[in-house]
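Notebook open. I am looking up helix contacts, helix faces and a few single residues.

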Amino acid sequence: MNHTNKLNDGRKVGILGGTFNPIHSGHINIAKSALEECNLDEIWFIPNGCPPHKNVDDKVSAISRYKMVANTIANEDKFYINDIELSSIEYNYTHKTLEKLHNKFPNNKYYFIMGEDSLRCFDSWRKPEVICKYASIIVAIRSNNANSLSKLISEYAIRFNGEFILLNCDYIDISSTELRNTISKDNLYNTSNIEETTVSYISEHMLYEEYDYSSFNSIEDIKTDLVNILKPKRYNHTLGVMDTAINLGMRYDIPLYLCQYAGLLHDCAKSFTKEELISFCEDKNIEITDSEYKAPHLLHCKVGAYIARNKYNVTDERIINSILFHTTGRPNMSLLEQVVFVADYIEPNRCKANRLNEIRAMAYYDIDIATAMILQDTISYLTDIDAFIDDKTNKTYEYYLELIND
Ligand SMILES: [Fe+2]
Ligand SMILES: [Fe+2]
């Protein structure tokens with residue numbers, strides 16, 4: 001991931017601020033044009049934080065927007081991300097941000113990039129003369145509007161003692177509000193306006209979705225049921241996994257209700273004996289693999305997924321999959337699947353596994369490394385006691401080992 005290029009003080013730096021909610025190809029196109037046309041060395045993307053006393057829709061948090069931007073520009077050579085506005089808990093005025101940047105990297109020359117709509121109301125911004133003191137202004141314009149803006153720019157240049165540069169670029173009028181509405185209503189979005197990496201980020205973190213889980217049995221009803229079905233130790237483990245999954249969901253920014261349902265239900269079939277698991281699957285036409293005949297306890301995942309869907313009316317496939325793969329894992333798990341897989345191993349009632357403290361801390365630092373550690377220890381333990389190891393566990397381990405060594 002690119003962060004602000006702190007080593008190179010003395011560069012021509014384009015500043016592109018905004019909420020980036022979400023970041024889209026309009027932002028990327030403006031940044032690329034500014035870089036090329038104005039001979040800049042680099043562009044710093046500066047996502048806004050969450051200012052106080054302002055009615056901000058924080059359904060997608062500032063951190064999430066920051067990570068979405070970081071992810072989107074990670075492979076662009078001269079694009080960097082800067083958290084100067086994210087780390088402030090006060091309202092971020094542009095003049096203050098530019099002053100701070102100037103004080104931090106005094107040898108850089110800054111170019112603040114804005115659209116023509118912002119230019120038209122620039123005189124109503126806080127301290128435009130200070131903005132002009134610390135940065136030249138690059139104005140991205142629709143090509144047919146150059147004439148109408150040149151008069152305004154000449155006026156501002158004198159009034160605020162600033163340098164204004166017109167940038168003719170393939171400026172695309174993309175409305176973030178429209179993009180958000182499209183994503184939340186249809187869960188299908190026009191990928192021509194959003195970079196592929198952004199689409200993956202939004203989809204992985206399930207951002208902008210309108211949630212509807214009213215048809216699921218309530219958490220309280222399921223708890224009342226499970227407390228009578230599971231042994232006390234297993235029920236406590238279940239609550240531990242649910243709470244830990246919620247915590248990891250907060251850390252990795254995925255919808256908490258998915259973590260809650262998946263955590264609560266992951267072991268809902270754990271009270272079945274091996275014989276009961278096999279006959280349940282045979283009765284319901286659930287496929288049993290050779291591995292599962294060798295180690296029938298693995299079937300509590302498939303049976304649990306069936307019960308979650310048919311008894312507790314949990315129809316969200318992402319929850320169902322996280323129940324299905326909570327024991328063996330699978331290569332390229334979704335974030336929710338990983339959260340449940342890891343929570344199952346580290347929840348507070350667990351105490352026997354080796355290096356639990358290491359894995360618990362790692363889970364909140366880097367979930368891919370934590371996943372690889374859990375698989376490594378599980379395989380090592382099963383090998384030591386000469387127990388059967390499902391091939392999926394080995395494949396999952398190989399996948400995450402390669403991923404973290406990349
Ligand atoms: Fe389990
Ligand atoms: Fe479990």
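How close do the axes of helix α15 (residues 317–324) and helix α16 (residues 335–346) come, and at what angle do they cross? I find that they come within 9 Å and cross at roughly 40 degrees. That makes α15 oblique to α16 (under 35 degrees counts as roughly parallel, over 145 as roughly antiparallel, 65 to 115 as roughly perpendicular, the rest as oblique). From α15, R318, N321 and S322 make the contact; from α16, L336, E337 and V340 do. I take contact as C-beta atoms, placed from the backbone, within 7 Å. The residues of this contact divide into 2 nonpolar, 2 polar and 2 charged (Ala, Val, Leu, Ile, Met, Phe, Trp, Tyr, Cys and Pro are nonpolar, Asp, Glu, Lys and Arg charged, the others, Gly among them, polar).

Ground rules, noted here. This is a predicted model, in which local features need pLDDT of at least 70 and side-chain atom pairs count only at pLDDT 80 or more, while totals for chains, interfaces and linings use all residues. Residues are numbered from 1 along each chain as its sequence is written, and chains are lettered from A and ligands numbered from 1 in the order in which they are written. Helices (H or I, at least four residues) and strands (E, at least two) are DSSP runs, numbered from the N terminus. Axes are lines fitted to C-alpha atoms, for helices over the stretch in contact, with angles from 0 to 180 degrees between N-to-C directions.

Next entry: α2 and α8. The axes of α2 (residues 62–73) and α8 come within 8 Å and cross at roughly 140 degrees. α2 brings S64, M68, N71 and T72; α8 brings T197, T198, Y201 and H205. I read the contact of α2 with α8 as 2 nonpolar, 6 polar and no charged residues.

Which residues of helix α8 (residues 196–205) are buried? They are T198, Y201, I202 and H205 (buried means 20 or more other C-beta atoms within 10 Å, exposed 12 or fewer, partly exposed in between). Their arc around the axis is only 95 degrees, which puts them on the same side of α8. The arc is that of the directions from the helix axis to the C-beta atoms. E196 and S200 are exposed on the other side of α8. After α8 comes M206, with a positive phi near 55 degrees.

I then checked α17 (residues 356–365). Its buried residues are I359, M362 and A363. They span an arc of only 110 degrees, which places them on the same side of α17. N357, A361 and Y365 are exposed on the other side. The buried residues of α17 pack against α10 (232–252), α16 and α18 (367–384).

I219 sits in helix α9 (residues 219–229). It counts as partly exposed, with 16 C-beta neighbours inside 10 Å. Residues up to four places away aside, I219 touches Q260 and L264. I174 lies in the loop between β6 (164–168) and α7 (176–186). I174 is partly exposed, with 16 other C-beta atoms within 10 Å. Leaving aside neighbours within four places in sequence, I174 contacts H24, S25, G26, L179 and N193.

Conventions
Contact = placed C-beta atoms within 7 Å.
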